[in-house]
Amino acid sequence: MLDEYSRGGLQGEPFDYQELADGKVLISWRGKPVCTLKAARAVKFLIKANAQNAEGRQLLMAKVTQNFKRGNER
């Protein structure tokens, strides 16, 4: 079974994240904010994201947003 990245759903790296001054993490999809992580979730995300390559970060952000599972997000 092919994962989301190999099917092309994450090609072009549509996800991005930004660490905010108050410790929150803002995750965006194609420039549009879709999720804000706070407190422990933000810290956990940053630790995992820093340990990943670009592909791994894209998959992590897709998983964290929990709204990008159906394949119809294009």
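Analyst: Buried means under 20% relative accessible area, exposed means over 50%, and partly exposed lies in between (1.4 Å probe, protein chains only). This is a predicted model, where local features need pLDDT of at least 70, side-chain atom pairs count only at pLDDT 80 or more, and totals for chains, interfaces and linings use all residues. Residues are numbered from 1 along each chain as its sequence is written, and side-chain values use heavy atoms, without hydrogens or water.

User: Why does tyrosine 17 count as partly exposed?

Analyst: Its relative accessibility is 22%. That value falls between the 20% and 50% limits, so tyrosine 17 is partly exposed.

User: And why does phenylalanine 45 count as buried?

Analyst: Phenylalanine 45 has 3% relative accessibility. That is under 20%, so phenylalanine 45 is buried.

User: Which residues have the most contacts inside the largest nonpolar core?

Analyst: They are Phe15, Val25, Ile27, Leu37, Phe45 and Val64, in a core of 15 residues. A nonpolar core is a set of buried Ala, Val, Leu, Ile, Met, Phe, Trp, Tyr and Cys residues joined through side-chain atoms within 4.5 Å. Two or more residues come from each of strand S2 (25-29), strand S3 (32-37), helix H1 (39-50) and helix H2 (54-65). In soluble globular proteins, nonpolar side chains tend to be buried together.

User: What does valine 64 touch?

Analyst: Contact means heavy atoms within 4.5 Å. Leaving out residues up to four places away in sequence, valine 64 touches Ile27, Cys35, Leu37, Arg41 and Phe45.

User: Why is threonine 65 called buried?

Analyst: Threonine 65 has 12% relative accessibility, under the 20% limit, so it counts as buried. It lies in helix H2. With the same exclusion of residues up to four places away, it touches Phe15, Ile27, Val34 and Cys35. Its side chain reaches the backbone oxygen of alanine 62 at 2.9 Å.

User: How do you know that S2 is mostly covered?

Analyst: 5 of its 5 residues are buried. Val25, Ile27 and Trp29 point one way, while Leu26 and Ser28 point the other way. Serine 28 has 14% relative accessibility, so it too is under 20%. Among the contacts of serine 28 are Pro14, Phe15 and Asp16.

User: How do you know that S1 and S2 pair?

Analyst: Two strands pair if DSSP finds at least two bridges between them. S1 and S2 have 5 bridges, in the antiparallel sense. Aspartate 16 stands opposite serine 28. The two strands form a hairpin with 5 residues between them, and glycine 23 in the turn has a positive phi of about 90 degrees.

User: How many bridges join S2 to S3?

Analyst: There are 5, and the strands run antiparallel. Leucine 26 has threonine 36 in S3 as its bridge partner. This hairpin has 2 residues between the strands.

User: What makes aspartate 22 and lysine 24 a salt bridge?

Analyst: A salt bridge needs a side-chain nitrogen of Lys or Arg within 4 Å of a carboxyl oxygen of Asp or Glu. The closest N and O atoms here are 3.7 Å apart, so the pair qualifies. The count by this rule is 1 salt bridge. Aspartate 22 has a relative accessible area of 54%, over 50%, so it is exposed. Lysine 24, with 29%, is partly exposed.

Terms used
Helices (H or I, at least four residues) and strands (E, at least two) are DSSP runs, numbered from the N terminus. A polar contact is a pair of N or O atoms within 3.5 Å; within protein, one must be able to donate a hydrogen and the other to accept it, and residues adjacent in sequence count only if both atoms are side-chain atoms.
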